[in-house]
Every structure is written in C-alpha cells, then in structure tokens.
Amino acid sequence: MQAWQVHQNGEPAEAMRLQEVDRPTPGDGQVLLKVRAANINFPDALMCRGQYQVRPPLPFTPGVEICGETEDGRRVIATPALPHGGFAEYAVADAAALLPAPEALDDAEAAALHIGYQTGWFGLHRRARLEVGETLLVHAAAGGVGSAAVQLGKAAGATVIGVVGGADKAAVARELGCDVVIDRRAEDVIGAVKEATGGRGADVIYDPVGGEAYTQSTKVVAFEGRIVVVGFASGSIPSAALNHALVKNYGILGLHWGLYNTKNPKLVLHCHEQLTELAARGAIKPLVSERVPLSGAAAAVQRVADGVTTGRIAVVPTLENGAAA
C-alpha cells in the first residue's frame, strides 16, 4: 500500500515521503481500517517537526483523525494508533475506541468531526459551562479548531464573536454564523470586542492560538468570565498573571481533550452522540475547504502548518489523477 512516512523530523513538506510499504498488522484489541478520508490537524505538523507531546518512533505515518471502513463494511471515525497514522491507504486503530460515522456527513466531513468538535464541546460545555445568551469569543474563528467552536457556540445559543486574520478568513467566519467578526490585521481587537459588548467583555473565550491572542483575552474577558486554553498555534506559550485573574475575577481553564480517552472514555462517547444529533439536524457541519488526493498530503500539511488555510483539509485516497475536489 501507499503511505506517507517521516524518517527524520522537519517541516512537513520536506520530512514526509510517499512510499510503498506493507499493510500494518493490527495488534491485540486493534483493527485494520481502509482509510476513506483523513483530516489534517495542526498536531500532524508538530509531529513531523518532533515538537508534539506524542513522539512516535521513526519512521511513522502521520494522520491522527480518519473516517475509515472496517473489514465488515462499517463506516467509522477513528484515531489511528501511531506509528500507523491516517495518511495512508490503510491504518490501524483500537477497536474499543471506534465511533460510528454520522450518516448526515460524507467521509471528509466525518473525518473532521472528531478531535476539533470533541475539543470544542468539552471546552465550551464541560469546562466553561457556556450558557444560553452568553457571549463567546473565538480566536482563529475560520480555522479548523475555531470553526468547530463557532458552530457549537451558535448551537448552544451564544452570541459569537470571531477573531480572524485577513479579509478572506473574515468572510468564512461570517458564513459560519459569527454575529460579530473582527479582523485582527485591520482592527484593534480589544477595542472592537469592548464596543461589541458594550464594554462588558466576553463571558467565554476560546483560545487555540496563545501568544498575543491570550493577552488580548485577559483584557476583554467579562466579570466571572472563563478563558479556555486549547492550544498554542502561534508558537508562543503565554505566562498567566494570576494576580490579574484574581483582580478581574475570571477563570483560566486548560483543556487537554486526549486525557478524556483514558480518564473518562464514557464522556467521549456521550459527546459523540451529542455531535451526531447536532449534525443530523444541521446545527453543525465541518467546514471542509479542500479535499486532496493522497499524493497531495505533504503539501497540504505544510499549508496547515503555515496557517494559511481555512476550515479543514481532508486527504481522500480514492481521489484520482492527483486533482483536488
């Protein structure tokens, strides 16, 4: 079969090589899956660079989120068991962690439903306890992680403010349903948020960016507001000034979604059921901005690493002739 492999850490476009390899052999409790679509996540790029908290042994195949097909024909969502990741024709996954792919979504959309939407659901509902009528601020609102939070926030009855970088991403954020869109390249984020909220600020802030975005969050978080720290796509990990949190009376909440798979896996299944229901009634739908063939995976991962994409890019092995669909 064909699979992308990383033999030496580096930038995805250079580190990933498409090769002919043997199909992986499932271990105890694992199953072999035919990859129908693999969603690209920022951690895939970090893994190529050797900068992610999970460091699979070299060589490995990246791709942490797929829609796959079991040997008996079931369509499932899975997190592949590394080093046999999803940017390949076949992957392996733990049988106990397989989730049914929602009928309302196609393969690429289903592949993109898992990590980003689970993270958003846990961040907004489990950690921040977002309530109907509250104001939610989402950084990088047009990206893969941010777009999921925007849709989930709207589905929960919140007023959503989306912060983006550039006019193209602002248009995407509006299409996603943001009530207010702020282009950080053309506007003062702090002033715009205060104006949009009448000076009150945002009740919940969803931050997958870190760096300057986190600093802005501390200046526009409302009384008894909650900042949910999801990641550091900017590459800069801020240091929280706890005296500031005390004086302004806000909470800083960390979210490591992967821990729930071991600490409380029943919650992951419950979340998937909620997401499937939301997808069935059209309240959420992963924004798949591009579908690329397997041969285009490395270039696509590099674009995600460079922060120039909107929504999600899906790698679809069955696409032919090297043409994106």
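In this predicted model, Gly 116, Tyr 117, Gly 120, Trp 121 and Leu 124 of helix α4 touch Ala 148, Ala 149, Gln 151, Leu 152 and Gly 153 of helix α5. Sorted by type, the residues of this contact are six nonpolar, four polar and no charged.

**How α4 and α5 pack**
- Helix α4 spans residues 115–127 and helix α5 spans residues 144–155; their axes lie 8 Å apart, at an angle of about 50°.
- The crossing of α4 past α5 is right-handed.

**Helix α7 and its buried face**
- Val 189, Ile 190, Ala 192 and Val 193 are the residues to look for here: they are buried in α7.
- Looking down the axis of α7, you will find its buried residues within an arc of 165°, so they line one face of the helix.
- The cover over these buried residues includes the strands β8, β9 (159–164) and β10 (180–183), along with helix α8.
- After α7 comes Gly 198, which has a positive phi, near 65°.

**Helix α8 and its surroundings**
- In helix α8 (residues 212–220), the buried residues are Ala 213, Tyr 214, Gln 216, Ser 217, Thr 218 and Val 220.
- Those buried residues pack against the strands β8 (135–139), β11 (202–207), β12 (221–229) and β13 (251–254).
- They also pack against two helices, α7 (189–196) and α9 (242–248).

Technical notes:
Residues are numbered from 1 along each chain as its sequence is written. This is a predicted model: local features need pLDDT of at least 70, side-chain atom pairs count only at pLDDT 80 or more; totals for chains, interfaces and linings use all residues. Side-chain values use heavy atoms; hydrogens and water are left out. Buried means under 20% relative accessible area, exposed over 50%, partly exposed in between (1.4 Å probe, protein chains only). Helices (H or I, at least four residues) and strands (E, at least two) are DSSP runs, numbered from the N terminus. Contact means heavy atoms within 4.5 Å. The arc is that of the directions from the helix axis to the C-beta atoms. Axes are lines fitted to C-alpha atoms, for helices over the stretch in contact, and angles run from 0 to 180 degrees between N-to-C directions. A crossing is left-handed if the near helix is turned anticlockwise from the far one by less than a right angle, and right-handed if clockwise. Ala, Val, Leu, Ile, Met, Phe, Trp, Tyr, Cys and Pro count as nonpolar, Asp, Glu, Lys and Arg as charged, and the others, Gly among them, as polar.
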